2 protein chains.
Amino acid sequence: MGDLNIKTKTASFKNALYLESGRILEPFEIVYETYGTLNEAKDNAIVVCHALSGSHHAAGRYENDKKAGWWDALIGGGKPIDTDRFFVICANAIGSCYGSTGPISPAYPSLEPYRLKFPVVTVKDMVKAERLLLDRLGINAVFAVIGGSMGGMRALHFAVDYPALAKRTIVMAATHATSPWAIAFNKIAMEATISDPAFENGAYDIEALKERGLKGAAIGRMAGHISFLSPESMNRKFGRDFVGAEGLFDLFGRFQVERYLDYNGGSFPKWFDPLSFLYILKAINIYDISRGYDSLESALARVKSHLHLFGFERDLLFLPRETQEIDAAMKKIGKGELSDYYHIESDYGHDSFLVETNKFADILADILR
Amino acid sequence: MGDLNIKTKTASFKNALYLESGRILEPFEIVYETYGTLNEAKDNAIVVCHALSGSHHAAGRYENDKKAGWWDALIGGGKPIDTDRFFVICANAIGSCYGSTGPISPAYPSLEPYRLKFPVVTVKDMVKAERLLLDRLGINAVFAVIGGSMGGMRALHFAVDYPALAKRTIVMAATHATSPWAIAFNKIAMEATISDPAFENGAYDIEALKERGLKGAAIGRMAGHISFLSPESMNRKFGRDFVGAEGLFDLFGRFQVERYLDYNGGSFPKWFDPLSFLYILKAINIYDISRGYDSLESALARVKSHLHLFGFERDLLFLPRETQEIDAAMKKIGKGELSDYYHIESDYGHDSFLVETNKFADILADILR
């Protein structure tokens, strides 16, 4: 435990990043944090990949911060991702809004943000940029790449696109190609965001919006919150409890679950930029590990890393069945010895990889032992 | 088959309808259709109850109409709900927008619509009004009450509130109390609708809106469409097919599932009034068959009708488990002989009761034999 000695750094790249779309990002920056110490052989790194609205701040607390990084339960001295042994790197994905180049970054040589002129980036592009960051750090091999949700997609891309890089690849609550079901939830998020007149077709005042929020993105995020939970977790969290001064027979009287969505939806655009929201949703929608290959199997044929695939019971965004399909494809091509599937019992649905870390911490520790 | 001899009628009630909220509707009207012939004993009626956006037009075709009523597959001569034997009644629920008194009806003595001054109505209130319609028709006993989704909630209310009325009560794809999961989907629908500036706080031009639609309600309906389907039915219906001129790497390029949501969401406010949408969603949210009783069991203790409960595999709006809970409660209070649960295998999720009628038509015919 104790002080993780968080280092938040920015890596600036003057060269162009060639994107899957054929467009380029030039220059580009990646913001990242590291925890622990890189050994002399430079082979004790673990890359941790965040999800949609996550950031490079995966562990530890900044001074005066109440809330620790998003996977603080798992990363630290003596924790499963043990910073006494490993040098942990977590980079903000390009397209995001925490400092890595994204739609609210200045579109060089202008000082004005890209906004809707930002190119569509893919999960593969995100990982390509992260690979360049590792180069910059002099790291040619890592012990493991780990991520959940979009972070799991990133981890899988590392394994397919850079097969020599990681000994182990740990993919949680993620699929090999985003399903129409998940795209449908994202559709609500995107439509609600762009339909809000205050979105101003992407020309909104970025700083002012952080103060006042954006109703459309708030509604869109509500769709996300539904997909992150499950009927069972909602029953347990909220039941049919009713809250507030208005009564059951008032049209706008609220159940507890409605208050939860109001609060978490409403606050979201204040801490996550709506343009980045659109671009990251888009990246998730078009994610398909087999793009450019004949099939899932031919993409996975490249894998040399040991895949550890985690599916979560009641995950209704990326169904356990979809994660299992990766394992099945590995077995089908005779690479079963490089693939393990772990089914984690949990009522929390998709959010489990973030909120029920105790359900898989021991397995994770074993894998990294 | 053939001509159902559809009669669309309006029953006007000068007396007050006392609502669960303590408020009243006075006067009120119910629009309904009947198919088949009421026998002399007036005991061959079957009451069919529609869902959220359904109407009294359950079967047959109006002149020049391409599309038949919403349960035409099941209602007609020789069909499971056989109009050669039964007199079928389907009433538009109060609160709806197809002619029964709702928020866009004139608020007597004014000629102006109620709009947001319309009282919240409950599923129990809807059924109370329908019971008065049966009185008006001289019907004191019916052979069966049948409905799916909100129609199933109505059917269950008939059984609890008017135990002497129906021999058989057939409840499909419905719960005994709306879950926070379903309320969460409805929350998106309500928030998106009221947040659209063109909703004008309910003061929009009702006729003009039918022409131009309402983006907020369209987005809200998208949430509904997700909850009506399932990951499996979306895989089969849409896969990851991409449509239109814009490419995969265009921010607003669309997958087929997105086009489906655009189309079905976008058209919805043109045929279903957004104020009625809000009020019916509210009625569904606060539906709880045990309200006013100590428990589900004590509510069901009133039932004298034979309950036939249908749950649909992969229904993610009202889970089969919830329908089974009704059956379990009946058994718990020693009324197992009055309760049967049927689990229907289907990939279609909640929509199954509308679109996969072939999966349960035979069972339904047997029950009504």
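**A loop and its setting**

Reply: Glu200(A) is found in the loop between helix H3 (180-195) and helix H4 (206-212) of chain A; helices (H or I, at least four residues) and strands (E, at least two) are DSSP runs, numbered from the N terminus. The model is predicted, so local features need pLDDT of at least 70 and side-chain atom pairs count only at pLDDT 80 or more, while totals for chains, interfaces and linings use all residues. Residues are numbered from 1 along each chain as its sequence is written, and chains are lettered from A and ligands numbered from 1 in the order in which they are written.

The backbone at Glu200(A) has a positive phi, near 50°, in a residue other than glycine. Most residues other than glycine have a negative phi, and most peptide bonds are trans. A cis peptide bond runs from Glu26(A) to Pro27(A), with omega near -5°; Pro27(A) has its place in the loop between strand E3 (24-25) and strand E4 (28-35) of chain A. In chain B, the bond joining Tyr108(B) and Pro109(B) is cis, with omega about 5°, and Pro109(B) is in the loop between strand E8 (87-91) and helix H1 (123-136) of that chain.

Chain A is divided into domain 1 (7-178 + 288-368) and domain 2 (182-283), with bounds from an automatic or database domain assignment. Their C-alpha centres lie 25 Å apart. Contact between the two (C-beta atoms, placed from the backbone, within 7 Å) takes 27 residues from domain 1 of chain A and 20 residues from domain 2 of chain A. The side of domain 1 that touches domain 2 in chain A divides into 15 nonpolar, eight polar and four charged residues; Ala, Val, Leu, Ile, Met, Phe, Trp, Tyr, Cys and Pro count as nonpolar, Asp, Glu, Lys and Arg as charged, and the others, Gly among them, as polar.

Helix H1 (residues 123-136) and helix H2 (residues 150-161) of chain A pack at an angle of about 65°, with axes 9 Å apart; axes are lines fitted to C-alpha atoms, for helices over the stretch in contact, and angles run from 0 to 180 degrees between N-to-C directions. H1(A) is therefore roughly perpendicular to H2(A), the term for angles of 65 to 115 degrees. Among the residues making this contact are Met126(A) of H1(A) and Phe158(A) of H2(A), and the contact residues divide into six nonpolar, one polar and three charged.

Turning to the assembly, 41 residues of chain B are in contact with 41 residues of chain A. On the side of chain B, helices H3 (180-195), H5 (215-228), H6 (231-237), H7 (256-271) and H8 (274-285) each give two or more residues, and H3(B) supplies the largest share, ten residues. That side comprises 27 nonpolar, six polar and eight charged residues.

A rotation of 180° with 0.0 Å of shift along its axis superposes chain B on chain A (RMSD 0.0 Å), by least squares on the C-alpha atoms of residues with pLDDT of at least 70 in both. The two copies are thus related as by a two-fold rotation axis. The same surface serves both copies, as 100% of the contact residues of chain B recur in chain A.

Conventions:
Angles under 35 degrees count as roughly parallel, over 145 as roughly antiparallel, 65 to 115 as roughly perpendicular and the rest as oblique.
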